[in-house]
Structures are given as C-alpha cells and as structure tokens.
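Please examine the sequence and the three-dimensional model shown below. The report that follows describes what lies inside the fold, one topic at a time.

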Amino acid sequence: MIALLLLLILVLLIVLFSQQNRLRSRSREMRYVHDKLNAILDQQTQERLLLVSSDPRIRELLIDLNRLLDVNHRGIVERARLESSMRNMLANMSHDLKTPLTVVLGCSEMLQRSDLPEGEQQQIIQSIHRKSAETIGLVNAFFDLAKLESGDAAPDMSRVELGELCRRNMLSFYDLLDHQGTEVHIELPEEKVHIMGNTEALDRILSNLISNSIRYGLDGAVLGLRLYTDAEYAYIEVWDRGKGIAESHQDQVFERLYTLEDSRNRTYQGSGLGLTITKRLTEQMNGRIALTSKPYVRTTFTVSFRKMSY
C-alpha cells in the first residue's frame, strides 16, 4: 500500500514537473512574441516572428501574427508610396501653375505702362487670357482626378454605339489635323458595336487619347483610330508614329502628373493629368487600357470594354 502511494506521489511529481516546464516554455515563447512584436512595430522593420513551438495554439498564433505583420508592412509601403506620389504631385502642380501665373503677372505689369501701343496691348491681353485659361484647365483637371479617385460618383451607364462615338471624336479634331498636315487613318467595322458605358466619359477618354497622340506624335505626321472586336470585347486603338514612349517610361505614363521631360517645352505642353484621368474613367466603366510603343514606328493606346450581347 505504501509502495503504491509512493508511486502515485512520484507520478504526480513528474506530471507537475512536466507541466511546470511546459508553462515556463510557454512563458518564454510568449515573452519572445511580445518583445519581438514590439521591436518590429517600433522599428518598422520587415522581420517576422520566427519561433519553433510544440504548442499548436502558439503555432496558430504565430501564423496569424505574421499575416498581420504582412498586412502592416504592405500598408507602410503603400503609405510611403502615396506620400512620395503626393510630394511629386505637389511639386509638379506648383511648377505647372507657376509658369502660366508668372506670365500673367509679367503681362499685367507690362499693361500698367501707359506708353504701350494699342496693338501690343491687345497681344498682352490675349496672352493673359490664354495663360489664365491654361491655369483654370489644369486646376479643373486636378479636381476632376480627385473626384474620380474618391469613388463618390459612379457614372450613369447606358447603351453606347462605339462606331458613331469614334467618328464624332475624330471629326472634332479634323480641322487641327488638317492644318498640321497630319495623315489620318480610321478603321471602323460595318456592323454596330455596343457596350454599356457613359457617353460623356467615353468622349473624354477618346479626346484625351487623340490629344495625346497629336501632342506627342506630331513628328510622325500620322494618326490612326481603329475599332474592332473579338468574341467578348470591343477595342479602340489610337495610334501614331511619333516620338513614342521609351519602355522605361511606359509603366509610369498613367501616374498622376507624370510627363516626359521634354513635355515641359513649348512643343510638348501637357499637364500630366490626361492619361491618369483616362485610366480612371476607363476603370470606372470596368474597362482596361494598355500601351505599346516603338518610337517612330507605332505607339498605340488601346481601351477595351466588354461587348453587349444581343
């Protein structure tokens, strides 16, 4: 009897000793998790919690915490990207606003002189009007983009026939293209092509793409528009044979206020907002936009939308 009691006491002591070791081990593991997690968050490092544990609940906790750290890290990266983008946007905005406003200020100072001939005064007034309109256009484009990115206003969608839309938009640029001596190629299918979209947004998309090709493709003296379809989608291509966009720049052309370096000179004037607005409008209508470019051979912007089924 005494031997059995001693055996039970020994078993209990072993169990208690084992549980105490497990508790100490779990306590050390939890302390590691606590200290390491605080260090990662305080120092904003990309480390993860690395711990080998025999406790399945601890392992589950580590997996969940590492997933949260991944989410936190992606948030930090995205915030840094947005902050950098905002700084660049403000710098470019200030540059683009400063230039016309400086011209307006200089012209207004010249008008204060009483000895200017009337003809010269009229030229200065026209310059003030032109630069003021340029500034207003840039500000309006900026607020249009802000409105699009806020996601507050979804466009009203209705049935739109793309062939007529393409004809109308090319016709609006005909006088300018004819004056510049630009050769125009238009390819439209004989059958009607319908999508669900917003006419005003589609007009702006095409207008922005055609304006962009006129601005940067002038050297090629050719501008083309092609509408075609496959089994599911309708595609609109706007292309030119101008200076194009180098491969290193192609991923950036849809960013806010991104412009090629020579777009700052008189020949290539642009706010850097047109293609960003075009992309946002396209995406609002569940469409896609793509760019391919080989300088002085062919630069093509393609927007695609799902066709309506009859």
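Leaving aside neighbours within four places in sequence, Leu209 is in contact with Val238, Leu275, Thr278, Ile289, Phe301 and Val303; contact here means heavy atoms within 4.5 Å. The model is a predicted one, in which local features need pLDDT of at least 70 and side-chain atom pairs count only at pLDDT 80 or more, while totals for chains, interfaces and linings use all residues. Residues are numbered from 1 along each chain as its sequence is written, and side-chain values use heavy atoms, with hydrogens and water left out.

The largest nonpolar core has 40 residues, and Leu209 is among those with the most contacts inside it, together with Leu162, Leu202, Ile205, Ile210, Leu225 and Ile236. At least two residues of this core come from each of helix H3 (118–150), helix H4 (162–172), helix H6 (199–216), strand S4 (222–229), strand S5 (233–240), helix H7 (274–284), strand S6 (288–294) and strand S7 (298–306). H6 supplies the largest share, 7 residues. A nonpolar core is a set of buried Ala, Val, Leu, Ile, Met, Phe, Trp, Tyr and Cys residues joined through side-chain atoms within 4.5 Å. Buried means under 20% relative accessible area, exposed over 50%, and partly exposed in between (1.4 Å probe, protein chains only).

## The chain as a whole

The protein chain contains 7 helices and 7 strands. Both are DSSP runs numbered from the N terminus, helices being H or I with at least four residues and strands being E with at least two. Along the sequence, their pattern is α-α-α-β-α-α-β-β-α-β-β-α-β-β.

Of the 310 residues in the protein chain, 34% are buried. Among contacts between residues at least 6 apart in sequence, 68% join residues at least 24 apart.

## Trp239 in strand S5

Trp239 lies in strand S5. With a relative accessible area of 3%, Trp239 is buried. Not counting residues up to four places away in sequence, Trp239 touches His185, Ser213, Val222, Leu223, Gly224, Leu225, Arg298, Thr299 and Thr300. One of these contacts, Leu225, is 14 residues from Trp239 in sequence, and the two are 6.4 Å apart in space, C-alpha to C-alpha.

## Cavities

Rolling a probe the size of a water molecule over the atoms shows where empty space is left. The structure holds 3 cavities of 30 Å³ or more. On a 1 Å grid over the protein atoms alone, a cavity is a set of points where a 1.4 Å probe fits but cannot get out, a pocket is an open set with protein on both sides within 12 Å along at least five of seven lines, and lining residues have an atom within 4 Å of a point. Grid points are joined across faces, edges and corners, and a volume is the space filled by probe spheres set on the points.

The largest cavity has a volume of about 50 Å³. Its lining consists of Asn212, Ser213, Tyr216, Asp240, Gly244, Ile245, Thr299 and Phe301. H6 and S7 each give two or more residues to this lining, and the largest share, 3 residues, comes from H6. The second largest cavity holds about 40 Å³ of space and is lined by Ile40, Gln44, Thr45, Arg48, Leu69, Asn72, His73 and Ile76. Helix H2 (residues 56–111) gives the most to that lining, with 4 residues.

## The second largest pocket

The second largest pocket has a volume of about 370 Å³. Its lining has 13 residues, of which Lys147, Leu148, Glu200, Leu281 and Gln284 lie nearest its centre. The elements that give two or more residues to the lining are H3, H6 and H7. These lining residues divide into 7 nonpolar, 2 polar and 4 charged; Ala, Val, Leu, Ile, Met, Phe, Trp, Tyr, Cys and Pro count as nonpolar, Asp, Glu, Lys and Arg as charged, and the others, Gly among them, as polar.

## Asn66 and the cysteines

Asn66 is placed in helix H2. At 16% relative accessibility, Asn66 counts as buried. Leaving aside neighbours within four places in sequence, Asn66 is in contact with Arg48 and Leu49.

Cys107 is buried, with a relative accessible area of 9%, and Cys166 is buried as well, with 1%. A search of the whole structure finds 0 disulfides, a disulfide being a pair of cysteine sulfur atoms within 2.5 Å.
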